[in-house]
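Student: Could we go through this structure together, starting with its pockets and then moving on to whatever comes up?

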Amino acid sequence: METTLRGVGVSHGVAIGQVRHMGTAVLEPPAKQIPADDAPREQGRARQAVEAVSADLIARGNLAGGEAQAVLEAQAMMAQDPELMADVERRIAVGSTAERAVYDAFAAYRALLAGAGEYLAGRVADLDDVRNRIVARLLGVPMPGVPDSDEPYVLIARDLAPADTALLDPTLVLGFVTEEGGPTSHSAILARALGVPAVVALPGAGELIEGTVIAVDGSTGEIFVAPNEEKRASLTRAAEERRAALAASSGPGATSDGHKVPLLANVGGPADVPAAVEAGAEGVGLFRTEFLFLDDSTKAPSEEKQTEAYRQVLEAFPEGRVVVRVLDAGADKPLDFLTPADEPNPALGVRGLRTLLDHPDILRTQLTALAKAAEGLPVYLEVMAPMVADRLDARAFADACREAGLQAKFGAMVEIPSAALRARSLLQEVEFLSLGTNDLAQYTFAADRQVGAVSRLQDPWQPALLDLVAASAEAAQAEGKSCGVCGEAASDPLLACVLTGLGVTSLSMGAPAIPYVRATLAKHTLAQCERAAAAARAADTAEDARRAAQAVLSGE
């Protein structure tokens, strides 16, 4: 009998196939004592296992490239954390086996994160995956991971670690469903990059029986268990219609009455550029530069290395617009040479621009490298700062750009409610705004963007979040300046229409979403988008806002 479940759709498309479950996590190693003479040998085994797992994660990242590479390199750094390793060796010294010491040390770190306000709780899947890989290697058992199968299937997991998501084979994994996670979790972001339909935050997903046929709609978040032939045909037709609409859509982003809405790509480095170009991106709306700094957590990359990497991206968009975000370190992206290790709540501490202002040499080198990378190119370079809180922050960043001789527009990211509420004040110092809706939602609702239990508060359709977007866009319009969205909200085609109606002047997203957004915008006039935006803001819940906007745009 067909039943319908609903999670959070995070990657467009429809997948129909049999359920296959993620490999079982490593069992807890037995707690047995070892003789003191065995401690050096066990410590050596632990170090070798950590090095091997770290090397494997880096190799997987090199194969995957793009955003996945940055995520996996960060996970490799987690494996090699010196404090964790020191704890492992201490536990071995007092009698634990290597595998038990690793298991207990990671458990203690988990508890420490929870006690720090759980900002990093969204990285628990990453942390558990590193632990499982190290323990599996020490026990000599197979790594937990994606099941072996010769036939295509829908993958079901409690959560997916980046190492597994990054190397999914789209010819075998038709789609995936997880119990945990949220719309801005690593798994969701990587699923969109792969173009694999995905639904997250589905309670009870693990109870789906192996081999059961399900249909996954990554746009609506619906899961149809044992769908009948009529439902399968309906979903297949809808998917074909979407593909046809995408194939017919090309050119710059615009509403049906010609209102231009540039569609830009979010990239993590040169490896992401080909997909962005293929999707018809009109430029880059968010160039995350962290990938360069993750190669070595002990020191910043040289000016020469940065210049070379930046130029590769800038050269790909002649006459196009490329918006570069300077280093956003701290919180879930710690760097040994920059970020303090003892902050009680890194989310609310020294991160983003605050970190760079504390280390002006790092900022100066990056801005100088960007200036050199853009020399002689016809690209429209724009540079923005993350985590801008007020006008003083905006002024300090603009001053730093000018001192570095940067010939570009200077902008501020709106990720903190104070920046949205005082957007007009910020625009006295900078030339554009860019809304990072992921962090803006996180700080607006005090809801960690990685924790599935609070995913409803991370929903970008929340009316309070739309109010902050509207406030920012209205301020920019009043000052005659631009205000784009570079958060994951822009990748939702329906929400893209609403954002346009709110006055947002450009939309930036993962490359696979660009054709969907372009095709949807082209169906509606600016006036329809404005009415949909007003209807969404008048609602009280995210679901009601989505439904109200849909009703307006469908002519109901």
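Tutor: In the second largest pocket, α22 gives the largest share of the lining, 6 residues. This is a predicted model, in which local features need pLDDT of at least 70, side-chain atom pairs count only at pLDDT 80 or more, and totals for chains, interfaces and linings use all residues. Residues are numbered from 1 along each chain as its sequence is written, and side-chain values use heavy atoms, with hydrogens and water left out.

Student: What counts as a pocket or a cavity here?

Tutor: On a 1 Å grid over the protein atoms alone, a cavity is a set of points where a 1.4 Å probe fits but cannot get out, whereas a pocket is an open set with protein on both sides within 12 Å along at least five of seven lines; lining residues have an atom within 4 Å of a point.

Student: OK, and what volume does the second largest pocket have?

Tutor: Its volume is about 1400 Å³, where grid points are joined across faces, edges and corners and a volume is the space filled by probe spheres set on the points.

Student: Which residues lie nearest its centre?

Tutor: Of the 50 residues lining the second largest pocket, Ser219, Thr220, Asp492, Leu494 and Arg546 lie nearest its centre. The elements giving two or more residues to that lining are β2 (8-11), α8 (229-248), α17 (437-445), α19 (493-502), α20 (514-521) and α22 (542-553); helices (H or I, at least four residues) and strands (E, at least two) are DSSP runs, numbered from the N terminus.

Student: You listed α17, so is that helix buried or exposed?

Tutor: It is mostly covered, with 8 of its 9 residues buried, meaning under 20% relative accessible area, as against exposed at over 50% and partly exposed in between (1.4 Å probe, protein chains only). The elements that cover the buried residues of α17 include β13 (409-414), α15 (417-421), β14 (432-435), α18 (463-479) and β15 (482-485), and the helix is followed by Ala446, whose phi is positive, near 50 degrees.

Student: Switching to the sheet, what is the strand order?

Tutor: The open sheet of 8 strands runs β1-β8-β7-β3-β4-β5-β6-β2 with mixed pairing, two strands being paired if DSSP finds at least two bridges between them. Its edge strands, β1 (3-6) and β2, each pair on one side only.

Student: In which sense do β3 and β4 pair?

Tutor: Strand β3 (residues 14-21) and strand β4 (residues 153-157) pair in the parallel sense over 3 bridges, and His21 has Ile156 in β4 as its bridge partner.

Student: Which strands does α8 lie across?

Tutor: Helix α8 lies across β3, β7 (213-217) and β8 (222-225), and runs at about 120 degrees to β3; axes are lines fitted to C-alpha atoms, for helices over the stretch in contact, and angles run from 0 to 180 degrees between N-to-C directions.

Student: Where is Leu174 found, and what is it in contact with?

Tutor: Leu174 is found in strand β5 (residues 173-178) and is partly exposed, with a relative accessible area of 26%. Leaving aside neighbours within four places in sequence, Leu174 is in contact (heavy atoms within 4.5 Å) with Ala15, Ile16, Gly17, Pro152, Tyr153, Val196 and Pro197.

Student: Last one: how many cavities of 30 Å³ or more are there?

Tutor: The count comes to 4, and about 50 Å³ of space lies in the second largest cavity, where β16 (506-509) gives the largest share of the lining, 3 residues.
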